[in-house]
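Dear colleague,

I am handing over the structure that we spoke about, and below it you will find my notes on what turned up in it. Please read them with the model open beside you.

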Amino acid sequence: MTSPIESPPGQPPRARGLTGALESREPHRRSFKEYKSFIRKHYDGFAGALTAVTGVLTGHEALAGRLIRLGGFDVRGCKHILDAGCGNGRYSRFLLRHADPDAVLTGFDLSPKMLQRARARLKSPRVSHVVADLTRLPYADGTFDAIVCGWVLEHLPDPLPGLRELSRVMAPGGKLLLLCTEDTLTGAMCSRLWHCRTYNRDDLRQKCAAVGLRWQRELWFSRFHRWLKLGGIIVELHKESASRSGFPA
Ligand SMILES: C[S@@+](CC[C@H](N)C(=O)[O-])C[C@H]1O[C@@H](n2cnc3c(N)ncnc32)[C@H](O)[C@@H]1O
């Protein structure tokens, strides 16, 4: 992780040196509305289709399974599970495998084409999909007891509206597995490929606390990733109870 430098008001803290110079500025170049439309087209098109291939080549398909399991992000006992920005259903697949048989899974994504790809992959009556934007979720407060949000938050110029929505739709005591591109050299290179931003770990932790999400524990894909600080920010967060956070339940 690189220590951040001051940015102009409204801009996220920027990493120093090569990392900062490499990071994509795409999310900050235009209005959020225009950026979202650009991202929807990006994932609807060839880049979105390519995620199935890159997932296998980079090992992410298999690595996802190392997180959603016993001893990892454990969804046993959770009855309403959300895959936020589910893409082609990479995490949904493992959530279905480990969730209780009577648990239901909901997935949403900005890209209708990614949802088609997820449906084609999962073929399960236990999953429902809807097109939605992370910053305006069509769910009532406290709907989900477990949420996975993988590599989506980096597509928001400002993480707070998305984090607020995730916290709002999570039941008190619920848990969230959040995966984000980090402000490292490899993270900055990924941000170029996927036209997204990166996050500074300490800054993100503060933002999560501000919306009542407690940074429970950091996870890594493997010891190798932990040792080399690779693979991005992967964290399990718990929603504070109303009495402790001052947030409505
Ligand atoms: C890198 S992919 C990750 C997909 C999946 N979570 C995974 O880990 O395989 C990012 C996904 O986020 C979606 N996305 C980007 N911005 C979004 C937004 N504002 N609301 C909902 N989904 C969004 C994209 O359409 C894309 O499917």
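This is a predicted model: local features need pLDDT of at least 70, side-chain atom pairs count only at pLDDT 80 or more; totals for chains, interfaces and linings use all residues.

A polar contact, in these notes, is a pair of N or O atoms within 3.5 Å; within protein, one of the two must be able to donate a hydrogen and the other to accept it, and residues adjacent in sequence count only if both atoms are side-chain atoms.

Residues are numbered from 1 along each chain as its sequence is written, and side-chain values use heavy atoms, with hydrogens and water left out.

The ligand and its surroundings

Asp133 lies in the loop between β5 and β6, where helices (H or I, at least four residues) and strands (E, at least two) are DSSP runs numbered from the N terminus. Asp133 is buried, with a relative accessible area of 12%; buried means under 20% relative accessible area, exposed means over 50%, and partly exposed is in between, all with a 1.4 Å probe and protein chains only. The ligand is surrounded by 20 residues, of which the closest are Gly85, Asp109, Asp133, Leu134 and Gly150; a residue counts as near a molecule or strand if one of its heavy atoms lies within 4 Å of it.

Which atoms of the ligand come within 3.0 Å of the side chain of Asp133? A nitrogen atom of the ligand is 3.0 Å from an N or O atom in that side chain. For Leu134 it is the backbone that takes part, with an N or O atom 2.9 Å from a nitrogen atom of the ligand, and at Gly150 a polar backbone atom is 2.8 Å from a ligand nitrogen. The protein covers 95% of the 600 Å² of accessible area that the ligand has on its own, as computed by the Shrake-Rupley method with a 1.4 Å probe; for residues, only the protein chains shown count as cover.

Aromatic rings

The structure holds four aromatic pairs, and rings of Phe, Tyr and Trp (its six-membered ring) pair if their centres lie within 6.5 Å, with planes under 30 degrees apart counted as stacked, over 60 as edge-to-face and the rest as tilted. The rings of Tyr43 and Trp194 are stacked, because their centres are 5.9 Å apart and their planes stand at 10°. Tyr43 belongs to helix α2 (residues 32-44) and Trp194 to helix α8 (residues 185-194), so this pair ties together parts that are 151 residues apart in sequence. Tyr43 and Trp194 are both buried.

A second pair, Phe108 and Tyr139, is tilted, with 6.4 Å from centre to centre and 50° between the planes. Phe108 sits in strand β4 (residues 104-109) and Tyr139 in the loop between β5 (127-131) and β6 (144-150), so that the pair links distant parts of the chain, 31 residues apart. Both Phe108 and Tyr139 are buried, and together with Phe144 they form one aromatic cluster.

Charges also sit over rings, which here requires NZ of Lys or CZ of Arg to be within 6 Å of the ring centre and within 35 degrees of the ring normal. Arg30 lies over the face of Phe38, at 4.3 Å from the ring centre, and Lys175 lies over the face of Phe73, at 5.6 Å.

In helix α9 (residues 201-210), the buried residues are Arg201, Asp203, Leu204 and Cys208. They cover an arc of only 160° around the axis, and therefore lie on the same side of α9; the arc is that of the directions from the helix axis to the C-beta atoms. The face turned away from this buried side carries the exposed residues Gln206 and Ala209. Thr198, in the loop between α8 and α9, is buried with a relative accessible area of 3%, and its side chain makes a polar contact of 2.6 Å with the side chain of Glu23.

Backbone angles

Most residues other than glycine have a negative phi.
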